[in-house]
Amino acid sequence: MPILAEQRTYVAGRWVTGDDVVAVENPADESHVADITATPLEEAHRAIAEARRSFDDGVWADAAPRERARVLRAFVDHVESAREELVPTLVAEAGQSARFAEMTQLGAGTAIARQTIDLYLSMPHEEASPVPIDDLVRGRVALSVRRHEPVGVVTAVTPYNAALIMGFQKLIPALMAGNSVILRPSPLTPISSLVFGAAADAAGLPPGVLSVVVESGTAAAELLTSHPAVDMVSFTGSTLAGRKILAQAAPTVKRVSLELGGKSAQIYLPDAVHRAAGGAMVVVASTAGQACVAATRMLVPQDRKAEVLDAVSAMYAQIKVGPPSDESSMMGPVISAAQREKCERYVKL
């Protein structure tokens with residue numbers, strides 16, 4: 001299958017190479033997919049410096065919202081135009097079905113991106129906000145103004161299970177608001193995120209406004225979440241990593257947005273119990289259960305519990321596990337051998 005051929009990383013308008021590589025593995029058969037150049041740490045420093053410069057100089061932040069929208073629409077169009085290589089890339093690096101890669105990651109991702117642009121343009125970005133002032137002394141109400149302004153330099157860290165759609169969800173709101181952004185994708189699935197660098201070039205995004213930093217370890221991530229020139233960190237991933245990021249961001253009092261792991265519940269009232277089996281199927285079939293939004297607990301009426309267990313068991317018996325390249329497969333692999341061993345350990349326990 002043709003996959004994205006780009007092996008360099010994108011820093012402040014330039015494609016860069018380094019001595020180290022990130023070897024990407026296909027989780028379905030553990031075959032080698034590609035070697036991506038790891039972003040040298042000095043280039044990660046440059047990404048921060050150029051993001052700071054581009055924001056402080058106002059090359060993007062001071063542009064009219066409709067001009068930012070024009071550029072970002074071209075940005076999204078370019079990503080969408082890479083469909084023939086991008087979908088197989090998502091399948092190869094994440095072990096997801098072509099249907100999930102095309103409809104959810106690319107299709108829903110581009111739709112969300114365009115909706116975000118339109119939403120931003122439709123919103124009032126300055127409005128009156130009456131608040132009580134000097135309550136203890138004069139007891140009066142004064143007029144304040146709430147104004148939407150860009151935060152500054154934003155670090156966006158995305159997970160392996162939805163690299164493309166999460167990239168859109170983090171990049172487009174931040175860029176549309178006028179921020180400069182440094183994207184750091186998961187080392188397990190970095191290839192697809194390089195399309196954002198190509199899109200930045202194609203759309204004419206000013207140098208320094210967007211960088212894509214790839215690494216196999218965490219040195220760059222730690223730099224990007226602790227550096228004083230970074231104003232905000234947006235992270236989606238594990239609770240353990242989220243705790244570390246919160247600690248790294250605390251000394252400089254950055255704004256932090258964390259979307260971490262959880263145990264969401266599916267709640268079925270008596271008139272909806274018949275839908276429980278289908279809901280249980282969706283949780284595991286789309287991404288082999290690897291999703292922060294997976295509703296992995298089910299609450300049902302006590303007197304229907306046995307019925308639901310039988311229905312869910314029957315539904316799970318129909319799931320065909322196999323390689324994503326097989327169109328009849330309903331569920332692919334988990335992302336790595338380490339994750340597989342973790343699942344097996346839980347089953348044993």
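This is a predicted model: local features need pLDDT of at least 70, side-chain atom pairs count only at pLDDT 80 or more; totals for chains, interfaces and linings use all residues.
1. Aromatic pairs. Across the whole structure, a search finds three aromatic pairs. One of them joins F75 and F196, whose rings are stacked, with 6.0 Å from centre to centre and 5° between the planes. This pair connects distant parts of the chain: F75 belongs to helix α2 (residues 65-81) and F196 to helix α6 (residues 195-203), 121 residues apart.

2. Setting of the pair. Both F75 and F196 are buried. Together with F168, these two residues make up one aromatic cluster.

3. Helix α6. Besides F196, the buried residues of this helix are V195, G197, A199, A200 and A203. Just after α6 comes G204, which takes a positive phi of about 80°.

4. A charge over a ring. The charged end of R345 is placed over the ring of Y346, at 5.9 Å from the centre of that ring.

5. The annotated residue. The UniProt record, an unreviewed entry, places the feature "active site" at E259; such an annotation may be inferred rather than shown by experiment. In the model, E259 lies in strand β11 (residues 255-259).

6. The relative accessible area of E259 is 32%, so the residue counts as partly exposed, since buried would require under 20% and exposed over 50%. Leaving aside residues up to four places away in sequence, E259 touches M166, F235, T236, G237 and C292.

Technical notes:
Residues are numbered from 1 along each chain as its sequence is written. Side-chain values use heavy atoms; hydrogens and water are left out. Rings of Phe, Tyr and Trp (its six-membered ring) pair if their centres lie within 6.5 Å; planes under 30 degrees apart count as stacked, over 60 as edge-to-face and the rest as tilted. Helices (H or I, at least four residues) and strands (E, at least two) are DSSP runs, numbered from the N terminus. Buried means under 20% relative accessible area, exposed over 50%, partly exposed in between (1.4 Å probe, protein chains only). A charge sits over a ring if NZ of Lys or CZ of Arg is within 6 Å of the ring centre and within 35 degrees of the ring normal. Contact means heavy atoms within 4.5 Å.
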